[in-house]
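Reader: I have not looked at this structure before. Please show me how to read its features, one at a time.

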Amino acid sequence: MASLTPSFGDFLPAWVARQRWYRGTGRAPELRLLAAIRWEDPLGEVGLEDHLLVDSSGAEEVVYQVPLSYRAEPVDFMADALVAVAEHDQLGTRYIYDATHDPVFAQVLLQHMYAEHDVPSALARRVVAGGDAPALRASRVLSGEQSNTSIVVEAHGETRPVILKVFRVLQPGPNPDVTVPSAVAPLGNRRVAGPIGYVEGRWPLPDGTEAQGHLAFAQEFLAGTQDAWRTALQAARSRQAFGERARALGEATAQVHAALRQALPTGDTDGTERTTLVDQMRRRAEAAFAEVPELAAYRDDVEEVYSRLEDLDLPPLQRIHGDLHLGQVLDVPDRGWVLVDFEGEPLRPLEERSAPDLALRDVAGMLRSFDYAGACADLEEGAAQTPERTGWAEEARGQFLRGYAEASGDNLDAPELRDLLDALELDKALYEVVYEARNRPDWMPIPVGAVQRLASGRRAGRHHAAGEVGRTGLAGSTQGEEPVGRHRAPEPEPGDFGVAPDLPGH
């Protein structure tokens with residue numbers, strides 16, 4: 001049996017621990033191989049092996065995907081992706097790279113998708129029929145992502161570029177980032193990037209059964225675009241009205257929700273779902289009060305907002321985006337707003353992310369994102385939230401709601417929907433308070449102001465009290481730190497706007 005020196009156990013854990021997608025920050029991984037998928041280079045020059053590994057170092061086991069490529073000579077343009085140099089007892093020196101940076105790996109994955117091949121422990125399928133795999137001219141890995149790895153594949157000729165997303169953390173079951181666009185595309189909806197194909201893998205579970213889940217997904221790459229966060233932030237910085245664009249974004253969101261209702265299962269709600277919803281909100285509120293004790297002064301007001309839901313008839317449940325904010329929308333020339341990244345909040349169980357939910361949860365997430373855009377423009381200038389930027393955010397929020405209502409037919413001024421949306425936005429703001437307290441204390445006035453506003457019954461109004469938070473000792477100092485977080489994406493490389501980067505904290 002062939003062997004490597006040093007062995008995988010000698011070099012792989014330390015490399016995995018340094019990756020942005022590794023969830024056990026500060027821990028040394030305890031890795032065990034579950035399955036290995038061997039992909040064949042048609043030219044026979046590059047070894048390609050996809051490792052499905054379980055990490056047992058934490059309270060819960062996590063399964064990771066680590067594809068590696070093996071080359072006989074070093075490759076200069078992949079120097080930053082080098083994992084190790086090892087001696088193979090039969091083949092000699094092997095330079096081992098993170099395969100997501102290897103163009104051969106990208107080409108092989110696409111060829112298997114287009115040809116719909118089965119290989120040991122994996123199968124590849126194409127979503128839309130016809131055509132051949134593009135002949136790869138170049139590939140590059142996007143720099144902004146944290147939980148996955150995306151590869152832009154540029155082809156020879158006039159074939160449009162393709163983006164390959166390699167899922168790093170694996171869970172059994174269909175990934176909504178694959179199933180949602182694949183279900184919506186046949187309806188002709190242009191508000192979602194078009195899917196191309198996917199790869200599924202299989203690995204053993206502790207009980208002896210076999211798990212199956214998505215390993216990679218290919219879809220159209222929307223080149224020359226910018227995400228809505230940057231578009232909105234630029235408008236807020238320059239004090240340009242964003243109402244018209246926000247209204248169009250509301251319309252686009254409603255159109256995607258309508259397509260999801262048509263393409264995927266929906267569900268009716270009863271007292272059980274309502275009780276579960278309110279209980280979850282109350283638990284998250286208590287977690288926020290425990291994290292930031294000063295917020296407990298608003299406990300009765302928060303409870304009043306949530307108590308209004310106890311006798312409320314909830315709208316039907318449907319599939320939603322699940323993590324919608326301005327960074328998850330692309331501004332595409334001659335096409336308008338396009339929603340991307342339907343994976344949902346990566347830290348939530350896959351079963352929860354795939355379950356029907358309230359469409360207004362997406363609406364609440366976008367309302368919070370507009371608040372952040374206005375406040376971020378003020379923070380960049382070293383100012384507290386100003387009335388001018390607060391007004392900018394309020395106009396954007398109002399126009400977004402107007403566009404959504406007009407396209408969906410929902411009367412968002414109806415008392416029951418207003419109360420539900422207030423509660424969902426308050427729930428999101430409390431979640432944000434916990435995140436900011438742990439990661440960016442200087443930003444905490446933004447969600448605290450929203451909690452104060454919503455708890456006091458003002459849907460979209462003043463944030464005058466938010467500036468007081470920094471004087472109560474709630475806000476610490478993060479001077480000199482780059483404010484990368486939940487509503488601001490890491491700065492990308494030029495042209496890397498074909499997919500919205502992951503935003504930590506969502």
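Author: This is a predicted model. We can begin with a sheet.

Reader: In what order do the three strands of the open sheet stand?

Author: Strands of a sheet pair through backbone hydrogen bonds, either parallel or antiparallel. Here the order is E15-E16-E17, and the pairing is antiparallel. Strand E15 (226–227) and E17 stand at the edges with a single partner strand each, so one side of each has no neighbour in the sheet.

Reader: How many bridges join strand E16 to E17?

Author: Four bridges join E16, residues 329–332, to E17, and the two run antiparallel.

Reader: Which helix lies across E16 and E17?

Author: That is helix H5, residues 243–263, which runs at about 45° to E17.

Reader: Now the loops. Where is Glu343 found?

Author: Glu343 is in the loop that links strand E17 (336–339) and helix H8 (350–353).

Reader: What else is Glu343 in contact with, leaving aside neighbours within four places in sequence?

Author: Besides Asn148 and Arg353, the list holds Phe167, Asn175, Pro176 and Asp177.

Reader: Phe167 brings me to strand E11. How many residues of E11 are buried?

Author: Strand E11 covers residues 162–167, and six of its six residues are buried. Val162, Leu164 and Val166 point one way from E11, whereas Ile163, Lys165 and Phe167 point the other way.

Reader: Which strands does E11 pair with?

Author: Take each pairing separately. Strand E10 (residues 148–155) pairs with E11 over six bridges in the antiparallel sense, and Ser150 stands opposite Lys165. E14 also pairs with E11 in the antiparallel sense, over five bridges. There the bridge partner of Leu164 is Ala218 in E14.

Reader: What follows E14 on the way to E15?

Author: A loop lies between strand E14 (210–220) and E15, and Thr225 is found in it.

Reader: Is Thr225 buried or exposed?

Author: The cut-off for buried is under 20% relative accessible area. Thr225 has 4%, so Thr225 is buried. A polar atom of the Thr225 side chain lies 3.0 Å from the backbone oxygen of Leu222.

Reader: Where is Ile320, and what does it touch?

Author: Ile320 is in the loop between helix H7 (299–307) and E16. Its relative accessible area is 7%, so Ile320 is buried as well. Not counting residues up to four places away in sequence, Ile320 touches His257, Leu260, Asp357, Leu358, Ala359, Arg361 and Asp362.

Reader: Let us turn to helix H1. Which of its residues are buried?

Author: H1 spans residues 8–17, and Phe11, Leu12, Pro13, Trp15 and Val16 are buried. Their cover includes strand E2 (31–40), strand E3 (47–55), strand E4 (62–71), strand E5 (82–88) and strand E6 (92–98).

Reader: How do E2, E3 and E4 pair?

Author: E2 and E3 are antiparallel over nine bridges, with Glu40 opposite Gly47. E3 and E4 are likewise antiparallel over nine bridges, with Leu53 opposite Tyr64. E3 is mostly covered, with eight of its nine residues buried.

Reader: How many residues lie between the strands of each hairpin?

Author: E2 and E3 form a hairpin with six residues between them, and Gly44 in the turn has a positive phi of about 70°. The hairpin of E3 and E4 has six residues between its strands.

Reader: Last, how many helices and strands does the protein chain have?

Author: The count is twelve helices and 17 strands. Of the 506 residues in the chain, 55% count as buried.

Technical notes
Residues numbered from 1 in each chain as written. Predicted model: local features only at pLDDT ≥ 70, side-chain atom pairs only at ≥ 80, totals over all residues. Heavy atoms only, no water. Contact = heavy atoms within 4.5 Å. Pairing = 2+ DSSP bridges. Axes fitted to C-alpha atoms, helices over the stretch in contact; angles between N-to-C directions. Buried < 20%, exposed > 50% of the residue type's maximum accessible area, 1.4 Å probe, protein only. Polar contact = N/O pair within 3.5 Å; in protein donor to acceptor, adjacent residues only side chain to side chain.
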